Amino acid sequence: MAIEKITMPQLGESVTEGTISKWLVSVGDHVNKYDPLAEVMTDKVNAEVPSSFSGTIKELIAGEDDTLPVGEVICLIEVEGTVPQKEQKTSDKTVEESAPKTADSQSNKSRYSPAVMRLSQEHNINLDTVTGTGAGGRITRKDILAVIEKGGAAEVKETPASTVQPAAPVAAAAPKTQQPAAPVVSAAGDQEIPVTGVRKAIAANMLRSKHEIPHAWTMVEVDVTNLVSYRDSLKAEFKQKEGFNLTYFAFFVKAVAQALKEFPQMNSMWAGDRIVQKKDINVSIAVATDDALFVPVIKQADEKTIKGIAREITELAQKVRTGSLKSEDMQGGTFTVNNTGSFGSVQSMGIINYPQAAILQVESIVKRPVIIDNMIAVRDMVNLCLSLDHRVLDGLVCGRFLARVKEILESTSKENTSVY
């Protein structure tokens, strides 16, 4: 028998860590190759981690709700069959791993993910003062969050006087300017709801977006009277023929995809020392459940018809609501369109889906009086609200982009638009 390691997989672009949301096996269970071992949550989606071997679960190194960097060992499997000369080495290594931790077990302390580094810098936390609970003493995001909950002060280790620099007292005083968050006390009748892995991921993603991206906002008003009339004339026949709904949202996604092709600057991402303008137009759409928000992706949306986009919207929404959404369904998005109008909103400012450069909120279509040829008319109107990353985009290109989306939507009609 040989002991093999299962590590935290890379579950998406730029993903540096994942959270074990649920173990699907226990110590002593026999698994076959490709059997699911655990559900791992990252970037607001749960993905199953398959076994790379057939064998028996020897040890679950990570616990549920533990966050580990990509490549970190999460469990050990005793593999069927013998491996010459390797078995003894593996066994010895297993004994070492199960032995009490000594100073050598802290060999990984100085290795931490970019997310850990960024979080510590945002809260002025000295990583040298943090005790890591990860493998080999590695500092994890969970360790930093624990320090933050204590008011941003980690346990200070004794430092020889000879190593203290004159500026140290000033640096040490800086964190004291931060006031600890006021404790929230539960009163009689209050309901305490545990924070799930999905909610933690949403919170972390939104916080990162607001901390790193300088948001700006703009809005246009669009007359979609002809679009509404055209869609309403088609919806019954379309549903009977195709088996799924032709929604207004499909028209908006198609218009955005077409405008992104004409204004590729909008289809960009900030990369520190450069701006990456993406070739593929992959539109992320927000799909909400009762307690979470998921952002699956319509790939190459500019190459799809309105019918094709409507089909994908239906299929992706169904996957979200049945819990069958996969990590690949969430990857590769370059621009987000959010259907906030579905719950009656008429104006909102979305938080950008990091690392994209913009998000468009499609608000509710409402009948309003407008002036046409100096006369009052009742028209179907909708607000389009754009949040933009001001490092990447400026008002001029965003204004032209929105004007083009407006033009496409206002010219949508039975005479010049096909859904096929």
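I began with the rule for strands: two strands pair if DSSP finds at least two bridges between them, and helices (H or I, at least four residues) and strands (E, at least two) are DSSP runs numbered from the N terminus. I noted that this is a predicted model, in which local features need pLDDT of at least 70 and side-chain atom pairs count only at pLDDT 80 or more, while totals for chains, interfaces and linings use all residues. Residues are numbered from 1 along each chain as its sequence is written, and side-chain values use heavy atoms, with hydrogens and water left out.

**Entry: the whole chain.** I looked up the secondary structure of the protein chain and found nine helices and 19 strands. Of its 420 residues, 42% count as buried, where buried means under 20% relative accessible area, exposed over 50% and partly exposed in between, with a 1.4 Å probe and protein chains only.

**Entry: strands 12, 16 and 17.** I followed strand 16 (residues 335-338) to its partners and found three bridges joining strand 12 (residues 283-285) to strand 16, the two running parallel. Strand 16 is also joined to strand 17 by three bridges, again in parallel. Val337 of strand 16 stands opposite Ile285, and it stands opposite Leu360 in strand 17 as well. In a regular strand the side chains alternate between the two faces of the sheet. I then checked both faces of strand 16 and found them covered, with Phe335 and Val337 buried on one side and Thr336 and Asn338 buried on the other.

Entry: I located Ser364 in the loop between strand 17 (358-362) and strand 18 (366-372), and at 17% relative accessibility Ser364 counts as buried. Leaving out residues up to four places away in sequence, Ser364 touches Gly341, Gly344, Ser345, Val346, Met381 and Val382, contact meaning heavy atoms within 4.5 Å.

**Entry: helices 7 and 8.** I asked at what angle the axes of helix 7 and helix 8 cross. The axes of helix 7 (residues 248-262) and helix 8 (residues 306-322) cross at roughly 115° and come within 9 Å; axes are lines fitted to C-alpha atoms, for helices over the stretch in contact, and angles run from 0 to 180 degrees between N-to-C directions. Phe249, Ala250, Phe251, Val253 and Lys254 in helix 7 meet Ile306, Ile309, Ala310 and Ile313 in helix 8. The residues of this contact divide into eight nonpolar, no polar and one charged, with Ala, Val, Leu, Ile, Met, Phe, Trp, Tyr, Cys and Pro counted as nonpolar, Asp, Glu, Lys and Arg as charged, and the others, Gly among them, as polar.

**Entry: Ile313.** I stayed with Ile313 of helix 8, which counts as buried at 12% relative accessibility. Beyond its neighbours within four places in sequence, Ile313 is in contact with Phe249, Ala250, Val253, Ile285 and Ile298. I also looked up Val287, 26 residues from Ile313 along the chain, and found their C-alpha atoms separated by 9.2 Å.

**Entry: strands 2 and 4.** Finally I looked at strand 4 (residues 36-42), where five of the seven residues are buried, so the strand is largely enclosed by the rest of the structure. Strand 2 (residues 17-23) runs antiparallel to strand 4 and is joined to it by four bridges, and the bridge partner of Lys22 in strand 4 is Glu39.
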